[in-house]
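Have a go at each task before you read the solution.

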Amino acid sequence: MSVLSLPAAYRQLVGAAPTRPAIVCDGQVATRAGLEHAADARARAWRELGVGEGDGVAIALPNSIACFECVLAAWKLGAVPIPLSHRLPESEQRAIVELADPRLIVGVPAERYPDRLVLADANVDENVDAAKSAEPLPDRTSPHAHAIASGGSSGRPKLIFDAQPARFDPEAAHYGMAAQVVVLIPGPLFHTGPFLNARECLMRGGLVVLMSRFEPEEVLRLIEAHRVQWVNLVPTMLHRIWRLPAEVKSRYDLSSLERVVSSGAPCAGWLMRAWIDWIGPDRMFEAYGGTERIGGTLISGREWLAHPGSVGRPTGGRRVRIVGEDRGEKGSELPPGEIGDVYFLPPGGQGSTYRYVGATARATDDGWETLGDVGYVDREGFLYLVDRRTDMIVTGGENVYPAEIEAVLDAHPGVGSSCVIGLPDEDLGQRIHAIVQADPGLEVSLRAHLAASVARYKIPRSLEFVGEPLRDDAGKLRRSQKRAERMDQRGDS
């Protein structure tokens, strides 16, 4: 099979087995042909509205079959799908829309953007000309397979356009995903991991088992019911599933699983080991990378046992090096074991994997780029992440990485999630403050747990207890936002 446009590749699958299920979501099933026909209808309707090749289509719909139909419709017109969270506050959504300047927005109130082309919901029947329903659509290839919106750690919106056109190469590897595989998608499609995993599964002729929202026990039920072989879970999801009672976890048959991939954020060592012990080292993996795809690593559970805490070695010809703070003209590469900024170079060089709108790359003069993470490599080339450079806390002259403390806090059986930040302190420069999703009555137990696990200077000076999760379903945590909110409450500038 040769490299084809995404619409053409999918049409081949339809021709081969039109009645085979392509997507299952909340009990609804879309066959290959059903998805194709629905996407054709949308594409024809949007074409009548003026959507064409290279245009952006913002899709603010929850995880659903309709969301897939819209993505496929955009590709059919050579347009660029831009999945957005349907729960974004209006101000955040507006900032992204202004940055993206899409030709069409689907899933938002029409009155919100009176000067733009808007379809308030996914239903486009009223726009479809029945007389043209059988008209074949010409093959189009979008110049960018997708664009993902990100607030980043700074909270300032940016768009990350895939530098590659919307084509499918069946020979290209995707984290061990085979043809006709059954893949569970528990995360929101407006994040890169779920979006790419769903796309790859669909184009490889597999079955996408899509969750409209993440529920820990429902993940296990769906794995058993659909004989799921492949699933990508962020550490937050792994944590919530692992916290289920033992009798609940043992109730479900997970023998169909071939690969569970943790990604989206570094997985705490205790949690990775727990899952390895549960499902076995040959089925558990961890991947690291970013929407920019400048670099990526992968490690199996068996490799992890020999290199605990590592996120693996670079994949797909990508290269990694650790750069010292002096950086210099080309970056001062540090030897194995020394902590510095993690820089990557993809096989095609700088600019070959993405394009920013609303941001600039952090790069050395010779084209190596960083996602902002700090870490080190060992002598065998395995990468270890420490934290993000912008989140590091300097307290009493000591460098403290919040992720280390959060991993310890999250290991306590009474903690749902945690966030560690630095707040101004006249004596220390910054004091460590921990926000913890837990019962306030656990403070004594938590402090004893911390004292047994981290150095004294790393123990938070203050604990704040909250009832809501601190990470979203994609495992994202905005430490800078949490810090700014508490600074505002204190009246600090």
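**Exercise 1.** Work out how the end-to-end reach of helix 5 (residues 192–203) compares with the expected value, then see how covered the helix is.

*Solution.* Bear in mind that this is a predicted model. Step one: helix 5 has 12 residues and spans 16 Å from its first C-alpha to its last, close to the 16 Å expected at 1.5 Å a residue. Step two: count as buried anything under 20% relative accessible area. That puts 11 of the 12 residues of helix 5 in the buried class, so the helix is mostly covered. Among them are F195, N197, R199, E200 and M203. Step three: look just past the end of helix 5, where G205 takes a positive phi of about 80°.

**Exercise 2.** Repeat this for helix 3 (residues 65–76).

*Solution.* With 12 residues, helix 3 reaches 17 Å between its first and last C-alpha, close to the expected 16 Å. Helix 3 is mostly covered too, with 11 of its 12 residues buried, including F68, E69, W75 and K76.

**Exercise 3.** How do helix 7 and helix 9 pack, and which residues make the contact?

*Solution.* Start with the geometry: helix 7 (residues 235–242) and helix 9 (residues 269–279) pack at about 60°, their axes 11 Å apart. The two helices are therefore oblique to each other, and their crossing is left-handed. Now the residues: helix 7 brings P235, L238, H239, I241 and W242, while helix 9 brings W270, L271, A274, W275 and W278. Sorted by class, that's nine nonpolar, one polar and no charged residues.

Technical notes. Residues numbered from 1 in each chain as written. Predicted model: local features only at pLDDT ≥ 70, side-chain atom pairs only at ≥ 80, totals over all residues. Heavy atoms only, no water. Axes fitted to C-alpha atoms, helices over the stretch in contact; angles between N-to-C directions. Helix = DSSP H or I, 4+ residues; strand = E, 2+ residues; numbered from the N terminus. Parallel < 35°, antiparallel > 145°, perpendicular 65-115°, else oblique. Left-handed = near helix turned anticlockwise from the far one by under 90°. Contact = heavy atoms within 4.5 Å. Nonpolar A, V, L, I, M, F, W, Y, C, P; charged D, E, K, R; others polar. Expected span 1.5 Å × (residues − 1). Buried < 20%, exposed > 50% of the residue type's maximum accessible area, 1.4 Å probe, protein only.
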